[in-house]
Amino acid sequence: MRVLHVISEMGAGGAEAVVAGMVRAGGDFGWESGVASGGGHRAEALRAQGFSTFDVPVPRRRVSGVLRAVSAVRSAVRSFGPDVVLAHNVSASLVARMAAGGRPVATVFHGVSESDLGGAARILRRTSRAVVAVAEASADRLRALGVDVEVIPNAVFAEPPRVDRASIRGVLGIGPDVPVALCPARLEPQKRHDVLLEAWAMVAGAILLLAGDGSLRADLERRAEELGVGDRVRFLGTRCDVPDLLEATDVVVLTSDWEGMPIAVLESLAAGRPVVASDVDGVREALSGGGGVLVPRRSPSTTATALASFLFDARACAAAGAAGRAAVERDHDPHTFMKSYDELLRTIGGEQR
């Protein structure tokens, strides 16, 4: 079965990690996989490994951008000849439907903000033979708007660290005994780093690593200085070495306003790192088996208390880390995940193994 993934970009985000993992694992299920995207380091890595990749301009919600993207994906479809097109998120679904030339399109709904949900549902009802939500909460919201949805919880395609804890801390200039928190998230409004920085001002004697870049970087750097934590917050920019950063980290934190089922949380649990995260949708599901603490949205004080409970208690860290690792192995297994997608795509593509 030939599967063409369509996604806006293939950089450091969670959906991009899912696509890369599916492409690499697809061979075990008889897939020949290609990716049509706006590019990024994950696309480059897949190309170097011999997978088919196609360049597509990012639409940016402009009509002219969508039309250019449709033209590029249409060329990818002609070249690759997929049996089914798997679009990741709503804009990719619209582009894929216009470019697929009658081939079946399935959409993976990784999540949108509440204000965009109605528009997303209208598009998905018209574009997709099948819609997959990554979390039950997201599926419930779509079903309430008349979209027929199947749930396949995200899996984590774990990558081992390339260097040890002491080495990566040495590169970052962090001593072996300094408590470290990591927030692997784009610097965009959804992720609410402003809440995290306010919480960090209540936590003394630790370092916060921000792995990600985005439109709010300058504002957040300025805010960190205003809060007096500029010397304890490291803005690392976009990183391709999150497994290494996790190795250097004691606890992971995510203060988002909304999420689908964040791969950053699953990767952290798989690495045995406890997670402090906002009590929203797919995060709640990801942590339902243990491995961390849920905190109310936009609550710096509660977030600070939860962070301190792990940063300064090695025993609590170890216990939560072990529970999280076990939960991921049980509930987010890549083989089970891929088997579910294989059955779905072969059904809508009219092909049986």
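**Close-up 1. Ala224 is a buried residue of helix α9.** Ala224 has a relative accessible area of 1%, which counts as buried because that class covers values under 20%, with exposed meaning over 50% and partly exposed in between (1.4 Å probe, protein chains only). Its helix, α9, spans residues 217–226; helices here are DSSP runs (H or I, at least four residues), strands are runs of E with at least two, and both are numbered from the N terminus. This is a predicted model, in which local features need pLDDT of at least 70 and side-chain atom pairs count only at pLDDT 80 or more, while totals for chains, interfaces and linings use all residues. Residues are numbered from 1 along each chain as its sequence is written, and side-chain values use heavy atoms, leaving out hydrogens and water. Setting aside neighbours within four places in sequence, Ala224 is in contact (heavy atoms within 4.5 Å) with Leu197, Val229, Gly230 and Phe235. Val108 lies 116 residues from Ala224 in sequence and 36 Å from Ala224 in space, C-alpha to C-alpha.

**Close-up 2. Helices α1 and α15 pack at an angle of about 80°.** Helix α1 covers residues 14–26, helix α15 covers residues 334–348, and their axes are 11 Å apart. Axes are lines fitted to C-alpha atoms, for helices over the stretch in contact, and angles run from 0 to 180 degrees between N-to-C directions. That angle makes α1 roughly perpendicular to α15, a label for 65 to 115 degrees; under 35 is roughly parallel, over 145 roughly antiparallel and the rest oblique. Val18, Met22, Ala25 and Gly26 of α1 meet Phe337, Met338 and Tyr341 of α15. By class, this contact has 6 nonpolar residues, 1 polar and no charged ones.

**Close-up 3. Helix α4 has buried residues that pack against several elements.** In α4 (residues 90–99), the buried residues are Val90, Ala92, Ser93, Val95, Ala96 and Ala99. They pack against strands β1 (2–6), β4 (84–88) and β5 (105–109), and against helices α3 (63–80) and α5 (117–127). Gly101 follows α4 and has a positive phi, near 60°.

Close-up 4. Searching the whole structure finds 0 disulfides (pairs of cysteine sulfur atoms within 2.5 Å). For Cys183, the nearest cysteine sulfur is that of Cys317, 16 Å away.

Key. Ala, Val, Leu, Ile, Met, Phe, Trp, Tyr, Cys and Pro count as nonpolar, Asp, Glu, Lys and Arg as charged, and the others, Gly among them, as polar.
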